[in-house]
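The sequence and the model are shown first.

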Amino acid sequence: MRRAVELHWPTLLVCAPCAGLAASNWVSPGVGVLAVSGAVASAAIILSDGPARAIALGLVLAIAGLWWGSLRLDALERSVLTAELGESATARLVTTGPARVTSWAVRVPAEVRSFGDEQVRERVLLVLPVGRSPPRGAILETVVRVVEPREARGGGFDERAWPARQRL
């Protein structure tokens, strides 16, 4: 293993933060755990030499990737519009995807650019009455009401799971 680290340490240092970012999709340690782990790995960098130092540096980079990925996922899960649940206001929306038409409604992925007097930039699922659906990229200015997404019933469309699948 020592020889592999000596020959491939650049690959190790590039792959370590990528592995941390990937792991953040499944593991969400607290800030304290990450801080302690990072401090221990940083001390290992100082106290070691040779291949062990490269491994310790890779660990620090993996922990940094895990930390950054966790922060990003937490930010994606928070919604500015949560405080507006049940409220109605004029909103400007831009449709971002194709409409999904059912017998009861038209669902269109969109991005809210403004809600009332507030400038926001948040992805939403726009539910419209049956009829013509707006094309992708259409800018809509209308009165909307913010409601919490519904869970799927009987194998239908799961509005609660949709935002999680739309992470970018």
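## Overall organisation

Of the contacts in the protein chain (heavy atoms within 4.5 Å) between residues at least 6 apart in sequence, 62% join residues at least 24 apart. The model is predicted, so local features need pLDDT of at least 70 and side-chain atom pairs count only at pLDDT 80 or more, while totals for chains, interfaces and linings use all residues. Residues are numbered from 1 along each chain as its sequence is written, and side-chain values use heavy atoms, with hydrogens and water left out.

The protein chain has 4 helices and 5 strands, where helices (H or I, at least four residues) and strands (E, at least two) are DSSP runs numbered from the N terminus. Their order from the N terminus is α-α-α-β-β-β-β-β-α. Buried residues make up 28% of the 168 residues; buried denotes under 20% relative accessible area, exposed over 50%, and partly exposed in between (1.4 Å probe, protein chains only). The chain exposes about 11200 Å², of which carbon and sulfur atoms supply 60%; accessible areas come from the Shrake-Rupley method with a 1.4 Å probe, and for residues only the protein chains shown count as cover.

Strand β1 (88-95) runs antiparallel to β5 (residues 139-145), to which 7 bridges join it. Strands β1 and β3 are also antiparallel, with 5 bridges between them; two strands pair if DSSP finds at least two bridges between them. V94 has I139 as its bridge partner in β5 and stands opposite E111 in β3.

The largest nonpolar core has 14 residues, and L81, L93, V112, F115 and V124 have the most contacts inside it. Such a core is a set of buried Ala, Val, Leu, Ile, Met, Phe, Trp, Tyr and Cys residues joined through side-chain atoms within 4.5 Å. Two or more residues of this core come from each of β1, β3 (106-115) and β4 (118-128), and β3 gives the largest share, 5 residues.

V146 lies in the loop between β5 and α4 (161-165). This residue is buried, with a relative accessible area of 12%. Beyond its neighbours within four places in sequence, V146 is in contact with L81, E84, L85, G86, E87 and F115. The C-alpha atoms of V146 and L81 are separated by 7.4 Å, although the two residues are 65 apart along the chain.

## Salt bridges

The whole structure contains 3 salt bridges, each defined as a side-chain nitrogen of Lys or Arg within 4 Å of a carboxyl oxygen of Asp or Glu.

| Pair | Closest N and O atoms |
|---|---|
| R92 and E141 | 2.5 Å |
| R113 and E111 | 2.6 Å |
| E111 and R121 | 3.7 Å |

R92 is partly exposed at 39% relative accessible area, whereas E141 is exposed at 52%.

E111 is buried, with a relative accessible area of 12%; R113 is partly exposed at 33%, and R121 is exposed at 64%. Shared partners join E111, R113 and R121 into one network of salt bridges.
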